[in-house]
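Trainee: Can we go through the salt bridges in this one? I'd like to see the chain before we start.

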Amino acid sequence: MAKKSLREPNSTVRRETEIQVGPRWLSVRGRMVHHRREHHIKMAGVLLDITEGHKVRTALEVSDQRQKLLLNELNHRLKNNFASIQSIAALTARGSPDLPTFIETFQSRLLALSNTQTLLTNTGWESADIAAIFQQELHPYTERAVIQGPTLLLDPKRALSMGLIAHELTTNAAKHGALKQSEGSIHVRWTHPSPEGLVRLEWLETGGPVVQPPKGKGFGSRLIQSSIEGPLGGTAQIDYLPTGLRVTLNFTTQDMPPATTKKGAGKPTPRS
């Protein structure tokens, strides 16, 4: 195109580009003019330092990309929250004998979900300390609760599930278990993660009323079961000991691809 246009009388070709020279950015603008009578080409050009403008433009592009990522992440979290709320509402409705009971129970569980989200917000939604989750739920009973274990950070999906479990255990202890009596106490402890990321957590109640195994599985038990088997990828064992309730949770702290288990090989166990 350039050669063809230069054959035409009094034709002009303009070009503009940006180049980087070391740490600086330059705008190169040039013009070529072919004069019919003089039979020659005139060339003119200019160099402009656009480093600052280029930095601003790049920053705006990065900011726009970051905003899109944040909006996508927000949309993902909202969908997860709505799914969690819908599940809690459905299970609470099935276990509530009347509307006032449903409202009270549902609100308390939403508050537990909100409290765990606050812990996650404080870390930029990266993780939440499992100790902080239980300390938050057992705060009214600080003098009667012992929380022991190594530093253990849970990712958002695991933290939210553990927050609901901690709330159910605390609520049950306050209504029916060790926290119902002034002499009762709670002992929560967990292990170091194994090389495979497996952790064992024990919730033990003592000093409360004599425990009687329930005739059927209530909402709390179902919620604990679904939470531990879902995002936490583990199991829950509930023992109704005469001295108090004991709940043992085995869960994972990291996502692992499905592994083929050799015949005769046992499952890895968490180390204490």
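This is a predicted model: local features need pLDDT of at least 70, side-chain atom pairs count only at pLDDT 80 or more; totals for chains, interfaces and linings use all residues.

Trainee: How many salt bridges does the rule give?

Mentor: Eight, where a salt bridge is a side-chain nitrogen of Lys or Arg within 4 Å of a carboxyl oxygen of Asp or Glu.

Trainee: What does arginine 57 pair with?

Mentor: Glutamate 18, with the closest N and O atoms 2.8 Å apart. Arginine 57 is in helix H2 (residues 51–95) and glutamate 18 in strand S1 (residues 11–21), so the pair ties together parts 39 residues apart in sequence. Helices (H or I, at least four residues) and strands (E, at least two) are DSSP runs, numbered from the N terminus.

Trainee: And arginine 24, which residue is its partner?

Mentor: Aspartate 49, at 2.9 Å between the closest N and O atoms. Arginine 24 belongs to strand S2 (residues 24–35) and aspartate 49 to strand S3 (residues 40–49), so this bridge links parts 25 residues apart in sequence.

Trainee: Switching to accessibility: is aspartate 239 buried or exposed?

Mentor: Buried, at 15% relative accessibility; the cut-offs are under 20% relative accessible area for buried, over 50% for exposed, and partly exposed in between (1.4 Å probe, protein chains only). Aspartate 239 forms a salt bridge with arginine 246 (3.1 Å, N to O), and arginine 246 is partly exposed at 28%.

Key
Residues are numbered from 1 along each chain as its sequence is written. Side-chain values use heavy atoms; hydrogens and water are left out.
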